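Here is a short briefing on helix packing, salt bridges and one surface patch. The model is predicted.

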Amino acid sequence: MEATFVHLHNHSEYSILDGCLKVEALVDAAYKANMPAVAMTDHGNIFGAVQFFKQAKAKGVKPILGCEVYVAPQSRFDKKPGGAEDVHHFHLILLVKDDRGYKNLCQLVTQSYTEGFYYRPRIDKELLAAHADGLIGLSSCLKGEVSAWLVRGFPEKAEEAAREYAAIFAPGDFYIELQDHGLAEQKAANPQLVAIARKLDLPLVATNDIHFARREDAESQDVLV
């Protein structure tokens, strides 16, 4: 019987100096767990998209192409250091729904390098809004904008960010993402994330921020980082 859970937040070897999970191992793990699909969402790039697509298709696993993009807090053209509360970027998961979404993701990633690069290849909400068709958004990890503001003690800013993203994507295509890796910040943020989702009528999705396939790979990932 097929598993109903699908991993939607996964970093492969193409998340440079961060992921130690080879594309083939990611696909194989999903296949062995009888999962109908699996996503690949590397940091700031889709370098492994073709390899991932071909290998997943060969295994009979539906490939979900995606990327964990970096979002500038203001304009992607703003590349000056800010104050103590400022950040250079937030995280956001983008998943491809169709051909239009894939073309838009390619455009976003390209412009994140050619226009928005500052510490990381960054987009901004203006660019995202222009290329959101065919894409699904997930609010990402503790470094996602919604969670980041909650951790910093600014629930109003967190709710505002959630409203902005929900307005950018098609109705029902922006999800509040929940993770539990035993971190105190996640345990504190998750109830607040659920409350924001219910208040704004946004769907919830549970993910793992995967960087390796097996528990015994943790040491290798630490060395890589």
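**Helix packing**

Helices α1 and α2 run roughly parallel to each other, because angles under 35 degrees count as roughly parallel. Their packing angle is about 30 degrees. Salt bridges and a nonpolar patch follow.

- Helix α1 covers residues 23–32, and helix α2 covers residues 49–59.
- The axes of α1 and α2 lie 9 Å apart.
- The crossing of α1 and α2 is right-handed.
- The crossing of α6 and α7 is right-handed.

**Salt bridge within helix α1**

- The model has 12 salt bridges. One of them joins K32 and D28, with N to O at 3.1 Å.
- K32 and D28 are four residues apart in helix α1, so about one helical turn separates them.
- K32 is exposed, because its relative accessibility is 63% and the cut-off is over 50%.

**Salt bridges between distant parts of the chain**

- R76 pairs with E126 in a salt bridge, and their closest N and O atoms are 4.0 Å apart.
- This pair links distant parts of the chain, 50 residues apart. R76 sits in the loop between β2 (62–71) and β3 (90–96), while E126 belongs to helix α4 (residues 125–130).
- E145 and K125 form another salt bridge, with N to O at 3.0 Å.
- That pair connects helix α5 (residues 145–151), which holds E145, to helix α4, which holds K125. The two residues are 20 apart in the chain.
- E145 is buried at 8% relative accessibility. K125 has 19%, so K125 also counts as buried, the limit being under 20%.

**Nonpolar surface patch**

- F47, Y113 and F117 make a nonpolar surface patch of about 310 Å².
- Y113 lies in helix α3, which covers residues 99–114.
- Y113 is partly exposed, with a relative accessible area of 35%.

Terms used
Residues numbered from 1 in each chain as written. Predicted model: local features only at pLDDT ≥ 70, side-chain atom pairs only at ≥ 80, totals over all residues. Heavy atoms only, no water. Patch = residues over 30% accessible without salt bridge, like charges linked within 9 Å, V, L, I, M, F, W, Y side chains within 5 Å. Areas by Shrake-Rupley, 256 points an atom, 1.4 Å probe, with all protein chains shown as cover. Salt bridge = Lys/Arg side-chain N within 4 Å of Asp/Glu carboxyl O. Buried < 20%, exposed > 50% of the residue type's maximum accessible area, 1.4 Å probe, protein only. Axes fitted to C-alpha atoms, helices over the stretch in contact; angles between N-to-C directions. Parallel < 35°, antiparallel > 145°, perpendicular 65-115°, else oblique. Left-handed = near helix turned anticlockwise from the far one by under 90°.
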